[in-house]
Amino acid sequence: MKVKTKSKKVNKAWLADHVNDPYVKLAQREGYRARAAYKLKEIDEALGLVRPGQVVVDLGATPGAWSQYLRRRFAPRSAGTGGAAVGELDGKIIALDLLPFEPIEGVSFIQGDFRDDAVIARLEAALGGRAVDLVVSDMAPNLSGIESADSARIADLVELAVEFSAGHLKPEGVLVAKLFHGSGYSQLVELFKKTFRVVKPIKPKASRDRSSETFIVGIGLKKA
Ligand SMILES: C[S@@+](CC[C@H](N)C(=O)[O-])C[C@H]1O[C@@H](n2cnc3c(N)ncnc32)[C@H](O)[C@@H]1O
């Protein structure tokens with residue numbers, strides 16, 4: 001006898017939402033690897049963060065939609081050609097993820113765990129001493145469903161992104177990070193306020209309403 005589990009129902013609901021989701025359709029039409037592209041696009045359009053010529057670090061980059069968006073913004077003349085733009089690229093994008101990443105022309109990729117010092121050292125080597133204009137982090141750990149453990153994992157990744165940004169951003173640089181409402185959220189907002197001159201929480205329309213996912217933007221480092 002087959003037992004209908006809750007997770008099967010949830011998967012069905014997710015699949016139905018996914019198939020009917022306007023951002024999924026738009027991503028297919030515009031050649032993005034994931035609907036996530038529109039979250040960064042909205043944040044960028046609201047705050048004007050991405051400009052050609054910048055050095056950008058994309059944390060938790062796989063499958064690569066944010067890198068595709070950045071790539072297009074750095075190659076305005078070839079934008080709209082579908083997928084990541086190719087050819088001329090005015091800017092530097094370094095993407096990092098635990099998982100493999102299908103190459104995007106002109107985007108450097110480092111596979112590894114951002115919590116690992118040796119991986120940070122590889123990222124620093126790829127930067128070659130250049131200061132960073134923008135760090136974007138869409139990193140999300142695999143969730144266990146145990147709230148205290150999950151919020152500790154989420155907080156750990158956001159804290160590391162803030163620490164990396166504090167050490168590598170230009171004084172006027174920006175960090176965009178994904179976090180989740182729930183336990184630990186207010187402490188992370190406090191950490192942003194201690195680190196950045198301006199802090200803006202933002203929930204893009206492309207981020208599903210029922211998801212506790214949200215984003216926070218820190219602009220300009222406070223002097224230590
Ligand atoms: C929501 S996905 C990112 C989607 C991506 N922004 C895009 O536009 O395609 C989250 C990613 O975070 C990565 N991730 C989670 N923990 C990580 C860690 N400790 N180090 C590096 N990447 C991590 C996962 O492997 C996953 O690919």
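The ligand is surrounded by 23 residues, the closest being Ala-36, Gly-60, Ala-65, Phe-114 and Asp-138; a residue is taken as near a molecule if its C-beta atom, placed from the backbone, lies within 6 Å of it. The structure is a predicted model, in which local features need pLDDT of at least 70 and side-chain atom pairs count only at pLDDT 80 or more, while totals for chains, interfaces and linings use all residues. Residues are numbered from 1 along each chain as its sequence is written. The shell around the ligand comprises 15 nonpolar, three polar and five charged residues, where Ala, Val, Leu, Ile, Met, Phe, Trp, Tyr, Cys and Pro count as nonpolar, Asp, Glu, Lys and Arg as charged, and the others, Gly among them, as polar. At least two residues of this shell are supplied by each of α4 and β2.

Seven helices and seven strands make up the secondary structure of the protein chain, in the order α-α-α-β-α-β-β-α-β-α-β-α-β-β from the N terminus. These elements are DSSP runs numbered from the N terminus, with helices (H or I) of at least four residues and strands (E) of at least two. Of the 224 residues, 35% count as buried; a residue is buried if 20 or more other C-beta atoms, placed from the backbone, lie within 10 Å of its own, exposed if 12 or fewer do, and partly exposed in between. Among contacts between residues at least 6 apart in sequence, 63% join residues at least 24 apart, a contact being a pair of C-beta atoms, placed from the backbone, within 7 Å.

The seven strands form an open sheet of mixed pairing, ordered β3-β2-β1-β4-β5-β7-β6. Its edge strands, β3 and β6 (196-202), each pair on one side only. Neighbouring strands are turned by 15 degrees against each other on average, direction ignored. Strands are considered paired if DSSP finds at least two bridges between them.

Strand β1 pairs in the parallel sense with β2 over five bridges and with β4 over four bridges. Towards β2, Val-56 stands opposite Ile-93 and Asp-58 has Ala-95 as its bridge partner; in β4, the bridge partner of Val-57 is Val-135. Because five of the five residues of β1 are buried, the strand is largely enclosed by the rest of the structure. Both of its faces are covered, with Val-55, Val-57 and Leu-59 on one side and Val-56 and Asp-58 on the other.

Helix α4 (residues 65-73) is likewise mostly covered, with nine of its nine residues buried. The elements covering α4 include α3 (37-47), β1 (55-59), β2 (92-97), β3 (107-111) and β4 (132-137). Helix α6 (residues 147-168) lies across β1, β4, β5 (169-180) and β7 (213-221), running at about 175 degrees to β5; axes are lines fitted to C-alpha atoms, for helices over the stretch in contact, and angles run from 0 to 180 degrees between N-to-C directions.

The largest nonpolar core contains 52 residues, of which Ala-37, Leu-59, Trp-66, Val-135, Ala-161 and Val-176 touch the most other members. Such a core is a set of buried Ala, Val, Leu, Ile, Met, Phe, Trp, Tyr and Cys residues joined through C-beta atoms within 7 Å. Not counting residues up to four places away in sequence, Val-135 touches Val-57, Leu-59, Ala-161, Phe-164, Ser-165, Leu-169 and Leu-175.

Technical notes
Two residues are in contact if their C-beta atoms, placed from the backbone, lie within 7 Å.
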